[in-house]
Amino acid sequence: MSSIVISGDTSGSITLAAPAVAGTNTLTLPTQTATLSFNGPAFSAYADTAQTISSGTLTKVTFGTEEFDTNNNFASSRFTPTVAGYYQFNATILCKASSTISATILAFYKNGSAFARSFSLSVSSGEPMINGSCLIYLNGSTDYVEVYGSITGTGTITFGFNDSAITSRFSGALVRAA
Amino acid sequence: MTLPEKIMALYPRLTTQDFLTVITLQNNSDGRGDYIAKWEHPTLPRPTEEQLDGVK
């Protein structure tokens, strides 16, 4: 290595801090130009009440309780991060019908349009949970992600709620900076 | 009667598969209710508001 170059903003400062414990710690940088991202935005929320919907209709899922929202980017069941990058999202919907269920859909919507969908046919009875995950790039300003679900069935149809562990859930975190 | 029920009353031969592929009904949970977000059925025309309102 011939030199170390530290470039800062026009104001403020850069601090390189070592842990205040004995021992040797090594930070190995990648052999390419890259951006290291630590403590990026992450959130997790779940539905705290049942949500009645119409059969076969993609409906935005309401996640009323936040477990954590590290950067205050989650509001009204919508995630709008203020840091650009690639985000991993996971979602689960608890599907219920008073009679039968024949199909379910879980969809991630980016900026109001379907980005990724997973569905299942011939679900029959019971209380199926449909899961989905995807990696989405968000620009850190206007881009946002929501979860929509659909249940095709008969009788009263709901995104169900049993308790905080058995309910619909939506979480995401930055995995790579832009 | 819900929007999907009205559509099925107008077009009884529609299938679950149709609603997974060429037709999308949507609700943004904003108080505005269900609406047709996409209608790309190859043979059946998109129902008009008058047709939907007329289904009892």
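## Where the two chains meet

Two residues are in contact when heavy atoms of one lie within 4.5 Å of heavy atoms of the other. In this predicted model, the contact between the chains takes 19 residues from chain A and 12 residues from chain B. The size of an interface is often given as the accessible area lost when the parts come together. Here chain A and chain B bury about 1200 Å² between them, and 51% of that area is on carbon and sulfur atoms. On the side of chain A, the residues that lose the most area to chain B are A:Ser54, A:Thr57 and A:Leu58, which together make up 29% of what that side buries.

Which elements of chain A give two or more residues to the side that touches chain B? They are the strands β3 (57-60), β8 (101-110), β9 (113-124) and β11 (145-153) of chain A. Sorted by class, the side of chain A that touches chain B has 7 nonpolar, 10 polar and 2 charged residues.

## What crosses the interface

Across the interface of chain A and chain B, the rule finds 0 salt bridges, but it does find 9 residue pairs in polar contact, with both residues at pLDDT 80 or more.

## Salt bridges within chain A

Side chains of opposite charge can pair when their charged atoms come close. Over all chains, the structure holds 5 salt bridges. One of them joins A:Arg169 to A:Glu67, with the closest N and O atoms 2.6 Å apart. This pair links distant parts of the chain, as A:Arg169 lies in strand β15 (residues 169-177) and A:Glu67 in strand β4 (residues 65-69) of chain A, 102 residues apart. A:Arg169 counts as partly exposed because its relative accessibility is 24%, and A:Glu67 is partly exposed too, with a relative accessible area of 41%.

Another salt bridge is formed by the side chains of A:Arg78 and A:Glu146, at 3.1 Å from N to O. A:Arg78 belongs to strand β6 (residues 78-79) and A:Glu146 to strand β11 of chain A, 68 residues apart. A:Lys110 forms a salt bridge with A:Asp143, and here the closest N and O atoms are 3.9 Å apart. A:Lys110 is in strand β8, while A:Asp143 is in the loop between β10 (129-138) and β11 of chain A, 33 residues apart. A:Lys110 is partly exposed at 21%, and A:Asp143 counts as buried at 9% relative accessibility. Through shared partners, salt bridges also join A:Lys60, A:Arg78 and A:Glu146 into one network.

## An arginine in a loop of chain B

In chain B, B:Arg13 lies in the loop between α1 (3-10) and α2 (16-21). B:Arg13 counts as exposed because its relative accessibility is 56%. Leaving aside its neighbours within four places in sequence, B:Arg13 is in contact with B:Asp18, B:Thr43 and B:Leu44. With B:Thr43, the link is a polar contact between the two side chains, at 3.2 Å.

Key:
Residues are numbered from 1 along each chain as its sequence is written. Chains are lettered from A and ligands numbered from 1 in the order in which they are written. This is a predicted model: local features need pLDDT of at least 70, side-chain atom pairs count only at pLDDT 80 or more; totals for chains, interfaces and linings use all residues. Side-chain values use heavy atoms; hydrogens and water are left out. Buried area is the accessible area (1.4 Å probe) that two parts lose on being put together, summed over both. A salt bridge is a side-chain nitrogen of Lys or Arg within 4 Å of a carboxyl oxygen of Asp or Glu. A polar contact is a pair of N or O atoms within 3.5 Å; within protein, one must be able to donate a hydrogen and the other to accept it, and residues adjacent in sequence count only if both atoms are side-chain atoms. Helices (H or I, at least four residues) and strands (E, at least two) are DSSP runs, numbered from the N terminus. Ala, Val, Leu, Ile, Met, Phe, Trp, Tyr, Cys and Pro count as nonpolar, Asp, Glu, Lys and Arg as charged, and the others, Gly among them, as polar. Buried means under 20% relative accessible area, exposed over 50%, partly exposed in between (1.4 Å probe, protein chains only).
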